[in-house]
Amino acid sequence: PAPCRVVTLSAELRKEYDAYANASRSGTLFHTCGWLDAIRATFPHDPSYLVAVRDDPTTKTLGNTLRIVGVLPLFVVRSRLGGKMMVSVPYAVGGGILTDDADVSKQLFAEAIAVAEQERVRSIELRSRDAVISNLPIDHRYVTFERELPSRTDEVLEWLPRKARAAARNGRDKFRLTIDYGSEYLSEVWRLYTSNMRRLASLAYPKRFLVELANTFADRTWVSLVRRNGTPVAGLVTFLFRDRVMPY
């Protein structure tokens, strides 16, 4: 294959970048430009999105013969606890290098190191599900929980584990919980979320971030609110990506 070069994401590349991220086998919602825009609108972190391009006479998607062959979304994050670091991607459970070419992966990572040295950050954190670059330390404190959904809605209750199934029945039959869906419930869900975080002595994401995400991914966001006797008691923001349903 022809040699590739690494450039910084520009406005002209956004459409092709998103197409590549959405089509990539390991791509996630967190790789997309929508996630970039929501973070940039809410937080003071500086993006540095790297794009590997290669000359390909058979394509004209970029207005010439260049084709995207790999991406690495990065943000420079300044934390009072962790210091200055580069993260792919903040406030996400996914990120890291996307490419099917090991040489391109190495080139993107080398460019990330160059940017990190220029920015004088302490570390680079790649939140990819699988290790792409060999010999890097892996943090095993994080776990992915995943399960295939049943084919029909009437199978959901029996699909749940025994104790969860009993809790769901109690919620429905004993406590008469109701659930509604709609973006208009986002403020109430955020209030419940921040109340939980205060009890855990943890920081909560600002409301603006969830609003930006819900607006950006309006066709891929479920906002659900649970009530008991009309009083809100629980809520959830869920994102859809390809065949995945992701409670956030």
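## Getting started

Here, a residue is called buried when its relative accessible area is under 20%, exposed when that area is over 50%, and partly exposed in between. Arg78, with a relative accessible area of 46%, is therefore partly exposed. Keep in mind as you look around that this is a predicted model.

## Arg78 and its partner

Arg78 makes a salt bridge with Asp46, and their closest N and O atoms sit 3.3 Å apart. Because Arg78 belongs to strand E5 (residues 75–79) and Asp46 to strand E2 (residues 46–47), the pair ties together parts that are 32 residues apart in sequence. Asp46 is partly exposed as well, with a relative accessible area of 36%.

## Other salt bridges

Side chains of opposite charge can pair when their charged atoms come close. Across the whole structure, a search turns up 19 salt bridges. One of them joins Arg25 to Asp100, with 3.6 Å between the closest N and O atoms. Arg25 is in the loop between helix H1 (14–23) and H2, while Asp100 is in the loop between strand E6 (83–88) and helix H3 (102–119), so this pair links parts that are 75 residues apart in sequence. Arg25 counts as exposed at 70% relative accessibility, and Asp100 counts as exposed at 65%.

Then there's Arg152, which forms a salt bridge with Asp154; here the closest N and O atoms are 3.1 Å apart. Arg152 counts as partly exposed at 47% relative accessibility, whereas Asp154, at 56%, counts as exposed.

## The nonpolar cores

Now for the inside. The largest nonpolar core has 42 residues, and the ones with the most contacts inside it are Leu9, Tyr17, Trp35, Ile39, Phe209 and Leu213. Helix H2 (residues 33–42) gives the most to this core, with five residues.

Take Leu213: setting aside neighbours within four places in sequence, it's in contact with Trp35, Ala38, Thr221, Phe239 and Tyr248. Apart from this core lies another one of 17 residues, including Leu74, Val104, Val121 and Ile133.

## A four-stranded sheet

Four strands make up an open sheet in the order E8-E9-E10-E11, paired antiparallel. Strands E8 (178–181) and E11 (244–247) are at the edges with a single partner strand each, so one side of each has no neighbour in the sheet. From one strand to the next, the twist averages 30°.

In the antiparallel pairing of E9 (residues 221–228) with E10 (residues 231–241), there are eight bridges. Val226 has Ala234 in E10 as its bridge partner.

Terms used: Residues numbered from 1 in each chain as written. Predicted model: local features only at pLDDT ≥ 70, side-chain atom pairs only at ≥ 80, totals over all residues. Heavy atoms only, no water. Pairing = 2+ DSSP bridges. Helix = DSSP H or I, 4+ residues; strand = E, 2+ residues; numbered from the N terminus. Axes fitted to C-alpha atoms, helices over the stretch in contact; angles between N-to-C directions. Core = buried A, V, L, I, M, F, W, Y, C linked by side-chain atoms within 4.5 Å. Buried < 20%, exposed > 50% of the residue type's maximum accessible area, 1.4 Å probe, protein only. Contact = heavy atoms within 4.5 Å. Salt bridge = Lys/Arg side-chain N within 4 Å of Asp/Glu carboxyl O.
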